[in-house]
Amino acid sequence: MLGICRGRRKFLAASLTVLFVPAITWIYLFAGSFEDGKPVSLSPLESQPHSPRYTASSQRERESLEVRMREVEEENRVLRKQLSLAQSRSPSHQRGNHSKTYSMEEGTGDSESLRAGIVAGNSSECGQQPAVEKCETIHVAIVCAGYNASRDVVTLVKSVLFHRRNPLHFHLIADAIAKQILATLFQTWMVPAVRIDFYDADELKSEVSWIPNKHYSGIYGLMKLVLTKTLPSNLERVIVLDTDITFATDIAELWAVFHKFKGQQVLGLVENQSDWYLGNLWKNHRPWPALGRGYNTGVILLLLDKLRKMKWEQMWRLTAERELMSMLSTSLADQDIFNAVIKQNPFLVYQLPCFWNVQLSDHTRSEQCYRDVSDLKVIHWNSPKKLRVKNKHVEFFRNLYLTFLEYDGNLLRRELFGCPSEADVNSENLQKQLSELDEDDLCYEFRRERFTVHRTHLYFLHYEYEPASDNTDVTLVAQLSMDRLQMLEAICKHWEGPISLALYLSDAEAQQFLRYAQGSEVLMSRHNVGYHIVYKEGQFYPVNLLRNVAMKHISTPYMFLSDIDFLPMYGLYEYLRKSVIQLDLANTKKALIVPAFETLRYRLSFPKSKAELLSMLDMGTLFTFRYHVWTKGHAPTNFAKWRTATTPYRVEWEADFEPYVVVRKDCPEYDRRFVGFGWNKVAHIMELDAQEYEFTVLPNAYMIHMPHAPSFDITKFRSNKQYRICLKTLKEEFQQDMSRHYGFAALKYLTAENNS
């Protein structure tokens, strides 16, 4: 009776608040909208700068009032939601309303489960759930293996970061591939108040490899069973997530549910929303034992300390061994074993409301988890069909997922207010370097770009490479942006060897590229192409950073440093491998030059031999590369000699020389100070010469530049005088650095530049 009275008092208080607060608000706004006794309109049409009463201060006041209005409206919305919840829980309301509500199957069996998703502090229940501390770290564990799962993890993490207000500690159980990808990604993402720890999934295989598993997740789908052993012994609790999860709320709300666990409850799970564990889906369908519908393990709350004390390892192993005697294998990986354990020990589970794991498979009860899509907390794409599942609101779910998929991850690099991040050496060094730059320098933006850390996702698509037995393999290295995607298929047809590509894309463009690649038979048939996404940031095209990324992640001892606009001659890959042996590239410092030509024709009958190319040169169909605009760039190649050459010949470095070369993988990187257009290759060739590389022209090799629209950067170079001044300044500084680094021998570069 006392509880009912308290509930009625809260109902009355909430009703009065909803009526009283808007009235006070509008009185306040009405009084504040008078200036000198005259009303001031809040309409944007009536507050233009040409008005005589228009001032900066009145504009600020108006904006302040509008912000306050929105805040009050938001407070009212929250109060109305609480009021509606109070109404739905009152006895009279329950007797008179039989519309669809959260069923008791979705909670723990008491009315408290109906409120599990309400944020602490906004809850209208008598005993408020304990709030998550302001800077309390939330621990999240994810099992991730392979290239596709690594992409999925990024979308999941984005959705968590978007809503979060607390520091996060991700525990990633990853195979070697996922670790390489995600370690680089998070290192370059540099999100404040986020810590990443990796655990070797391959070392855990022996723990679960004895369990036959038919699920498409394979052996990695069983690894959540061994988290009590894998994660640090001092870690008390963790949220475990599948990679195909999307958050629609702050993960701290889910973390707060740990405070609701009572007695021996150590697992927080949502009921399975399909009929799988009820059996009889088809003839001879025999699911593993489960309590009722069973539980879905896409979202798990684990009380690790209590599980260890209960000897969880022994518990699940004994259960699995017993059930496998009759079931022979698992169908749903770890989920089958979790459910078999719970069937024997139902006291272990705290049943979460089902909006914490809305399971979007065909023919599920997911629509019973919410009155409105705005009530959703976590979406789980747990069908092999993923975004193609059948659901009344699938378009909303798909759009929410795509929002995070294409969301600019750079925007998530925000500091948490009042929660200092742990000291990071890389971040501190970066800040120190940036602080040393002069912001009044007219070339500040150029200099700053050298220190910009670009988020990088290695191996965006599946990659396989089998090393050549003779150790002569060569990787074609190039970089590109979205406007050059059309060159990929042609290059793959001309070059059958491994390729390493760095793509400069936004998050949305990366998804467009993914769809383009998956729709191309040519690209999908090639598994020896490494696609490395470098995400856009800043106003310049970081051409040399892209080249360095592509160079760093080759799997062969040699590389052909090309550009995306060039098509190599047919058979160049095999010719270069033979040249590597012939010229003893393994034991000598040589840079093998592939002569470059160009055509102005978009449709070209590509020459199949040197003789055919020479004929096209004579007819004017082809030209030596950039002979009409930048002769110095390739003149030292000596095309006149090349026409009749039958053996490799050596050429000397000259000012502004920028050939395309084959070198060992240990050659120096490109200088990052050069961005956009100008001197990016010239500086690299100069450094090769300074390190005493020998330039050797290959007599039967060639590549042809295909025509394209001028890039944005070359347009800036031609139209912006300050751009050209800054490029000249950077050149001079590079030459001075060369002199300091290589001493007297490097003085020739200053002399050559002055004479050119």
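What follows is a walk through that sheet, its strands, its helices and a few rings and charges.

Modeller: Happy to! Bear in mind that this is a predicted model, in which local features need pLDDT of at least 70, side-chain atom pairs count only at pLDDT 80 or more, and totals for chains, interfaces and linings use all residues. Residues are numbered from 1 along each chain as its sequence is written, and side-chain values use heavy atoms, leaving out hydrogens and water.

The sheet is open and has seven strands, in the order β5-β4-β3-β6-β9-β8-β10, with mixed pairing. Helices (H or I, at least four residues) and strands (E, at least two) are DSSP runs numbered from the N terminus, and two strands pair if DSSP finds at least two bridges between them. In general, strands of a sheet pair through backbone hydrogen bonds, either parallel or antiparallel. At the edges stand β5 (194-200) and β10 (349-352); each has a single partner strand, so one side of each has no neighbour in the sheet. On average, neighbouring strands here are turned by 25 degrees against each other, direction ignored.

Next come the helices. Helix α4 (residues 146-163) lies across β3, β4, β5 and β6 (237-241), and runs at about 160 degrees to β3. Such angles run from 0 to 180 degrees between N-to-C directions, with axes fitted as lines to C-alpha atoms, for helices over the stretch in contact; contact means heavy atoms within 4.5 Å. Helix α6 (residues 201-208) also packs on the sheet: α6 touches β4 and β5, and its direction makes about 50 degrees with that of β5.

Arg 151, which falls within α4, lies over the face of Phe 460, 5.7 Å from the ring centre. A charge sits over a ring if NZ of Lys or CZ of Arg is within 6 Å of the ring centre and within 35 degrees of the ring normal.
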